[in-house]
Amino acid sequence: MYKTTEITSAEIASDNPVHQRLLFPYVEAARIVRGKVLEIGCGWGRGLELLTKAADHYTGIDKNEELIQSLRQEYPQSTFIQANIPPLSGLADNSFDYIVTFQVIEHIQNDDLFIKEAFRVLKPGGTLLLTTVNRLFSLTRNPWHVREYTADELKKLMLRYFPKVDTQGIHGNGKVMTYYEQNKKSVEKITRYDVLNLQHRLPRWMLQVPYDLLNRLNRNKLLEQDGLAAEIQYTDYELTNTPAGSLDFFYLARK
């Protein structure tokens with residue numbers, strides 16, 4: 001399997017700020033979820049240890065067969081399904097108390113069906129926990145993303161099916177935002193050579209490999225710069241009530 005910088009590792013030191021940023025919502029979710037929990041896009045299982053302890057039963061869905069097979073062996077008490085979603089084929093209506101889907105919707109072509117299906121398989125009173133990047137804080141076009149959202153765009157999408165959406169954000173403290181600004185300056189040094197604006201004009205598939213190569217080089221450079229990347233922990237992130245000014249959205253929608 002080709003390993004992209006989209007699959008953020010917990011072992012690669014230069015990935016640490018992103019790993020900790022992605023781990024934070026799982027820590028928050030583990031305080032909320034219970035009963036039957038479905039995770040859409042479980043990946044390699046960054047939050048499984050936390051979610052399986054909080055849930056009575058955990059079900060994970062991911063398109064990657066290799067990862068799913070590995071997780072089945074590691075967590076035999078849980079259920080793992082290999083599937084390209086949406087739809088959530090084979091899952092009955094009103095089945096789950098909670099759905100967790102973190103940094104997934106930006107990869108989904110039919111985002112409307114994605115939300116509609118999440119609503120369908122939740123029990124009445126069940127809750128969807130969803131995170132995705134804030135487009136306003138993206139430093140460049142990410143060719144692995146079908147689209148990114150503003151705070152209002154995401155809320156409007158979820159309100160098509162859910163009667164109420166609690167909109168929160170995930171932001172960082174001074175240490176995190178210092179790293180963000182360093183990253184921003186470094187990325188600008190690269191993108192200034194894109195005088196033809198190819199990052200927005202070329203199809204996504206053509207940009208994925210060069211994006212990954214430059215992203216990896218940039219992360220390694222930032223780590224070597226002052227070591228700040230290695231010092232960031234999930235506790236350096238926090239929930240805010242101002243999603244529009246946050247790095248990521250953390251939205252909870254109740255059926």
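Student: Is Asn94 buried, partly exposed or exposed?
Tutor: Asn94 counts as partly exposed, because its relative accessibility is 40%. Buried means under 20% relative accessible area, exposed means over 50%, and partly exposed is in between, with a 1.4 Å probe and protein chains only.

Student: And what is this model based on?
Tutor: This is a predicted model, where local features need pLDDT of at least 70, side-chain atom pairs count only at pLDDT 80 or more, and totals for chains, interfaces and linings use all residues. Residues are numbered from 1 along each chain as its sequence is written, and side-chain values use heavy atoms, leaving out hydrogens and water.

Student: Back to Asn94. Where is it, and what is its phi?
Tutor: Asn94 sits in the loop between S3 and S4. Its phi is near 55°, a positive value in a residue other than glycine. Helices (H or I, at least four residues) and strands (E, at least two) are DSSP runs, numbered from the N terminus.

Student: What about Gln103, buried or exposed?
Tutor: Gln103 counts as buried, at 16% relative accessibility. Its phi is also positive, near 55°. Look for Gln103 in the loop between S4 and helix H4 (111-121).

Student: New topic. What is the strand order in the sheet?
Tutor: The order is S3-S2-S1-S4-S5-S8-S6-S7, in an open sheet of eight strands with mixed pairing. Two strands pair if DSSP finds at least two bridges between them.

Student: Which strands stand at the edges?
Tutor: Strand S3 (79-82) and strand S7 (237-240) do. Each has a single partner strand, so one side of each is left without a neighbour in the sheet. The twist averages 20° from one strand to the next.

Student: How many bridges link S4 and S5?
Tutor: Six, and the pairing is parallel. Strand S4 covers residues 96-102 and strand S5 covers residues 122-133. Val100 stands opposite Leu129 in S5.

Student: What does Leu129 touch?
Tutor: Beyond its neighbours within four places in sequence, its contacts (heavy atoms within 4.5 Å) include Ala29, Tyr98, Val100, Phe250 and Leu252.

Student: Which residues have the most contacts inside the largest nonpolar core?
Tutor: Phe80 and Leu129, in a core of 31 residues. H6 gives the largest share, four residues. A nonpolar core is a set of buried Ala, Val, Leu, Ile, Met, Phe, Trp, Tyr and Cys residues joined through side-chain atoms within 4.5 Å. A second, separate core of 29 residues includes Ile85, Ile99, Phe114 and Ala151.

Student: What lies before H1?
Tutor: Asp15 is in the segment before H1. Asp15 is buried, with a relative accessible area of 0%.

Student: Which residue does the side chain of Asp15 make a polar contact with?
Tutor: Its partner is the side chain of Arg216, at 2.7 Å. A polar contact is a pair of N or O atoms within 3.5 Å; within protein, one must be able to donate a hydrogen and the other to accept it, and residues adjacent in sequence count only if both atoms are side-chain atoms.

How values were computed
Axes fitted to C-alpha atoms, helices over the stretch in contact; angles between N-to-C directions.
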